[in-house]
Amino acid sequence: MLQQADKLGCKQFVTPTDVVAGNPKLNIAFVANLFNTYPALQKPKNNSYDFSLLEGENKEERTFRNWMNSLGVTPYINHLYSDLGDGLVIFQLYEMIRVPVEWSHVNKPPYPALGGNMKKIENCNYAVELGKTNARFSLVGIGGKDLNEGNPTLTLALVWQLMRRYTLNVLSDLGEGEKVNDETIIKWVNQTLANANKTTSISSFKDQSISTSLPILDLIDAIAPKAVRSEMVKREDLTPADKLNNAKYAISIARKIGACIYALPDDLVEVKPKMVMTVFACLMGRGLNKIK
């Protein structure tokens, strides 16, 4: 079966042992990948839909949404803008970046049928106020109604500053209050890899070897031995598809061992320095057991 799947380019996720053992999660991932690659569905005739008008999610929005969900906010964020419309998730994020929230000032669901949206706007007004005063964010021209209505540009302006502050706090924790720069993280990464007798290393967060995800996978293995399954990792003659699969696996395993990773697989394959830095910073925190 897997030999035939390999001919279709759909052999990812499972090994013969997984199939025989009946591992449900891996088998579902295998079937889902097979369906996604070859759905065997015919395009409807006389389709009147203009697909260019359908709303999609760009990489930036998906990164922010992944970050929020990786922190365990409730409710789960399915749509970045509408799910922030009552401000409750924003308040949770404020607390995670150490900005205190007076919950007695927050309107909580269920909201009344009459005037319920006004309660949500009041929450959003308070969220903007906290950002301007306690968090000292730059929120010029942003009001609570903008968040409630899901204004993309203005909502992203707040969310970006929340994620940036979270990352800065992670780096501050690593240095026990002292400033941690790129060199500090890179030195720790290479030392940890060397101590575990790994052959990979990085020279910077722009190092093209990161596109293979091998330094990240080796670092995870150094932090949590036996977490990485060698048969799931492609190390030689990597195609673009192999790099993407390695990146997906690396992020999945990093989250499994408790690292709060919110970068996307594409960020690793394309070696985006800022997002790559967050991956190594969170793994460093996990390795030092300083991020709770």
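This note reviews a predicted model of one protein chain, point by point.

1. Confidence. The structure is a prediction, so its confidence values should be read before its details. The mean pLDDT of the protein chain is 88, and 92% of the residues reach 70 or more. Helix α5 (residues 88–96) has the highest confidence, at 98, whereas helix α3 (residues 24–37) has the lowest, at a mean of 76.

2. Division of the chain. The protein chain is divided into domain 1 (1–37), domain 2 (59–174) and domain 3 (181–288). Between the C-alpha centres of domain 1 and domain 2 there is a distance of 39 Å.

3. The database record. In an unreviewed entry, UniProt lists residues 1–39, 58–167 and 179–288 under "domain: Calponin-homology (CH)". Residues 58–167 are 54% helix and 0% strand, and the end C-alpha atoms of this span lie 21 Å apart. Residues 179–288 are 56% helix and 0% strand, with end C-alpha atoms 16 Å apart.

4. The largest nonpolar core. Nonpolar side chains in soluble globular proteins tend to be buried together. In this model the largest nonpolar core has 82 residues, and those with the most contacts inside it are W67, M68, Y94, I185, F280 and L283. Two or more residues come from each of α4, α5, α6 (116–132), α8 (152–174), α9 (182–195), α10 (214–223), α11 (240–256) and α13. Helix α8 gives the most to this core, with 10 residues. At least three residues are drawn from each of domain 2 (59–174) and domain 3 (181–288).

5. The surroundings of W67. Which residues does W67 touch, if those up to four places away in sequence are not counted? They are L93, V159, L162, M163, Y166 and Y262.

6. The second core. A separate core of 5 residues is also present, and L2, A5, V14 and F30 are among its members.

7. Residue F280. F280 lies in helix α13 (residues 273–288). Is F280 buried or exposed? F280 counts as buried because its relative accessibility is 0%, which is under the 20% cut-off. Beyond its neighbours within four places in sequence, F280 is in contact with I185, V189, I202, F205, I210, I216 and L219. L88, by contrast, is 192 residues away along the chain, and its C-alpha atom is separated from that of F280 by 30 Å.

8. Residue N69. N69 has its place in helix α4 (residues 59–70). With a relative accessible area of 14%, N69 also falls under the 20% cut-off and is therefore buried. Leaving out residues up to four places away in sequence, N69 touches Y76 and I77.

9. Helix α6. This helix has 17 residues and reaches 25 Å from its first C-alpha to its last, close to the 24 Å expected at 1.5 Å a residue. The buried residues in α6 are G116, I121, N123, C124, Y126, A127, V128, L130 and G131. What covers them includes α5 and α7 (144–148). An α-helix has 3.6 residues a turn, so residues three or four places apart point the same way. The student may wish to view the buried positions of α6, including I121, C124 and V128, with that rule in mind.

Definitions and conventions: Residues are numbered from 1 along each chain as its sequence is written. This is a predicted model: local features need pLDDT of at least 70, side-chain atom pairs count only at pLDDT 80 or more; totals for chains, interfaces and linings use all residues. Side-chain values use heavy atoms; hydrogens and water are left out. UniProt positions are given in the numbering used here, feature names are shortened, and annotations may be inferred rather than shown by experiment. Helices (H or I, at least four residues) and strands (E, at least two) are DSSP runs, numbered from the N terminus. Buried means under 20% relative accessible area, exposed over 50%, partly exposed in between (1.4 Å probe, protein chains only). Contact means heavy atoms within 4.5 Å. Domain bounds come from an automatic or database domain assignment. pLDDT is the predictor's confidence in each residue, from 0 to 100. A nonpolar core is a set of buried Ala, Val, Leu, Ile, Met, Phe, Trp, Tyr and Cys residues joined through side-chain atoms within 4.5 Å. The expected span of a helix is 1.5 Å times one less than its number of residues.
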